[in-house]
Amino acid sequence: MFKNVFGSGFLVRTAHVILTWVITLILFLHDTDLRKQEETGELTLPVLFVLLVLVSVLLYFAVSLMDPGFVLSDDCDLQFTLGIAEETQDMIPQTTKSIRPRRCGHCLVQQPMRSKHCQTCQHCVRRYDHHCPWIENCIGERNHRWFVLYLAVQLVVLLWGLYMAWSGFSHAPTWQLWLRTNGVLLGAAAVVAVLSLTVLLLLGSHLYLVSLNTTTWEFMSRHRISYLKHCGVDENPFDRGTLRNLWGFFCVWEPVVWEHVYFKQGNDPI
């Protein structure tokens, strides 16, 4: 289920952890509200902040090392998936939405619908979303919800850290003296601000796509995807309504046979 922590992406993960704790240390070493409360013995918020940072780091490693949903073989589970797809195809007339099962040209496995081969991971990934260089892993069926949860926790940590950094800036009579006094904290705040904007955009885009039951890959490349290029511009065969999409993404843990959803949606009366 989890990959080797010392494998591919070790340097990226190490850099992420070092940057996280260095910025946290800077916030505690400067005259921020965190340090003021620590010095007065009010430890509730400082401890909560450190715990939240720790949770974000643990979620980062969980998403980074987790199996995103690699398609490993052609036997049992794929036979089940394709069996349903073939049975469904036999029940409906051949239309532009009828597709043939695909075999990956790289790893030679039979690809379930919505899977894609990742050139970086060298595996086909179920319900492939994208390969994230930040975590050095694919985002797919098994770790996508954890990725969104990680982004949410990380955003809270970053915004809280940005507020703490703002509280630590001290006044000075000249700009030169102010920069000399607050230069390190200003640099940390700039990094946190850029990361906050990045994570906010990522979280917003993923929640939007999840609400439509589509993936980043499908959204960006639908004109090249065999099971989508025959659909209309605004047509999504996997969309079951915003609430059902969100419920299915966050609350349903069983694997979904997307061939069944696709052909069932395609035969709904218009």
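A: The side chain of Ser-211 reaches the backbone oxygen of Tyr-208 at 2.5 Å. A polar contact here is a pair of N or O atoms within 3.5 Å; within protein, one must be able to donate a hydrogen and the other to accept it, and residues adjacent in sequence count only if both atoms are side-chain atoms. The model is predicted, so local features need pLDDT of at least 70 and side-chain atom pairs count only at pLDDT 80 or more, while totals for chains, interfaces and linings use all residues. Residues are numbered from 1 along each chain as its sequence is written, and side-chain values use heavy atoms, with hydrogens and water left out.

Ser-211 is found in helix H6, residues 175-212; helices (H or I, at least four residues) and strands (E, at least two) are DSSP runs numbered from the N terminus. With a relative accessible area of 13%, Ser-211 is buried, where buried means under 20%, exposed over 50% and partly exposed in between (1.4 Å probe, protein chains only). Leaving aside neighbours within four places in sequence, Ser-211 is in contact (heavy atoms within 4.5 Å) with Asp-239, Gly-241, Thr-242, Asn-245 and Leu-246. Phe-249 is 38 residues from Ser-211 in sequence, and their C-alpha atoms are 8.7 Å apart.

The unreviewed UniProt entry annotates residues 12-31, 43-63, 147-166 and 186-210 as "transmembrane region"; such positions are given in the numbering used here, feature names are shortened, and annotations may be inferred rather than shown by experiment. The annotated span 186-210 is 100% helix and 0% strand, with end C-alpha atoms 36 Å apart. Residues 147-166 are also 100% helix and 0% strand, and the end C-alpha atoms of that span lie 28 Å apart.

H6 is among the elements that cover the buried residues of H1, together with helix H2 (33-39), helix H3 (44-65) and helix H5 (144-167). Those buried residues are Arg-13, His-16, Thr-20, Ile-23, Thr-24, Ile-26, Leu-27 and Phe-28. H1 itself (residues 10-29) has 20 residues and reaches 28 Å from first to last C-alpha, close to the 28 Å expected, taken as 1.5 Å times one less than the number of residues.

The whole structure holds 16 aromatic pairs, that is, rings of Phe, Tyr and Trp (its six-membered ring) with centres within 6.5 Å; planes under 30 degrees apart count as stacked, over 60 as edge-to-face and the rest as tilted. Trp-134 and Tyr-150 have ring centres 6.0 Å apart and planes at 70 degrees, so this pair is edge-to-face. Trp-134 sits in the loop between strand S6 (130-132) and strand S7 (137-139), and Tyr-150 in helix H5, 16 residues apart. Trp-134 is partly exposed at 23% relative accessibility, whereas Tyr-150 is buried at 1%.

The rings of Phe-238 and Tyr-262 have centres 5.9 Å apart and planes at 40 degrees, so this pair is tilted. Phe-238 lies in the loop between helix H7 (216-221) and helix H8 (242-251), and Tyr-262 in helix H9 (residues 258-266), so the pair ties together parts 24 residues apart in sequence. Phe-238 is buried at 0% relative accessibility, and Tyr-262 is buried at 1%.

A search for disulfides (cysteine sulfur atoms within 2.5 Å) finds zero in the whole structure. For Cys-107, the nearest cysteine sulfur is that of Cys-124, 3.3 Å away. Cys-107 is partly exposed at 26% relative accessibility, and Cys-251 is partly exposed at 38%.
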